[in-house]
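My notes follow the display.

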Amino acid sequence: MRHLTKKSTRALTVAVVLLLAALLAARPARAQSVLSVGYQVGRFSSGLRNLDAWSLELNRAAKSVEDPMHWTNTLQGLAFRASFYKGNGFVFGIGFNNRHAIIESRYTNAASKADTRTAFRVRQNELNIEGGYAWLNGRLRPGASIDFGVYNFDRRDAPAADFSGSEWHPFHNNDGGLFSSGKRALTVGLTAFVDVAPFGKRGGGPTLRPYCQWSPLTASMFGRYGTRDEDSYEYFLSNFGLAVSWAFAFD
């Protein structure tokens, strides 16, 4: 939570407003709509092949590394969604999630003997259009979603004493866009999931969502400095994880 930027906070606020507006606009029948608010953790499962090599270069360049940089695949972030039930058991919905990770190292500058910290931030904000089917009075809901996202990869370097107050800056030198690398690259994905709400009727109460997301966009398109070379740096895209949320059923 402490890693959320002001822009991300505004994006989350807008997402909640849109979800509430969708609930009102849909005018669902009684006990046929569910609003979920939760948090997710997981792992990225593709990309980063060459960032491993980059971190090795950094560790070798800094002669007196204190904490060698190691790239990790973990992710976390907030997740919101609104689901609407049809009488035939079909469920459709709209959601928003934020997947982010921060990877950091600390080393001592060989010339100045000053402690220096460097960190990278992976962040992907997504809008999800969902569809599925409800069994057991909404307690079990397998489904899939099409995901439209904005992908950012940022970096910051500063003396250790000033690091917490230093600013993030883009790792790329262009504005990105669909099918291009950049600091605001657009992504498309497909997610398969299962919502399990064992204790609440019609899908309310504590809910678990194991999921797996695939992206038809190749990881190599997110090359450093706007390149798409397959030998350039590869970033995270596909991922899997578990979202834990509390669902409010509207009776």
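**Notes on the cavities**

1. β4, β5, β6 and β8 each give at least two residues to the lining of the second largest cavity. β5 gives the largest share, four residues. Strands here are DSSP runs (E, at least two residues), numbered from the N terminus.

2. This is a predicted model, in which local features need pLDDT of at least 70, side-chain atom pairs count only at pLDDT 80 or more, and totals for chains, interfaces and linings use all residues. Residues are numbered from 1 along each chain as its sequence is written, and side-chain values use heavy atoms, without hydrogens and water.

3. Searching the whole structure gives three cavities of 30 Å³ or more. A cavity is a set of points, on a 1 Å grid over the protein atoms alone, where a 1.4 Å probe fits but cannot get out; lining residues have an atom within 4 Å of a point. Points are joined across faces, edges and corners, and volume is the space filled by probe spheres set on them.

4. The second largest cavity holds about 80 Å³. It has 14 lining residues, and Val91, Glu130, Gly132, Phe193 and Asp195 are the closest to its centre. By class, the lining has five nonpolar, five polar and four charged residues. Nonpolar means Ala, Val, Leu, Ile, Met, Phe, Trp, Tyr, Cys and Pro; charged means Asp, Glu, Lys and Arg; the others, Gly among them, are polar.

5. The largest cavity holds about 150 Å³. Of its 18 lining residues, Asn97, Arg99, Asn128, Glu130 and Arg209 are the closest to its centre. The lining has six nonpolar, six polar and six charged residues. Strands supplying at least two residues each include β3 (74-85) and β9 (205-214).

Notes: 1 Å grid on protein atoms, 1.4 Å probe; cavity = no way out; pocket = protein on both sides within 12 Å on 5 of 7 lines; lining within 4 Å.
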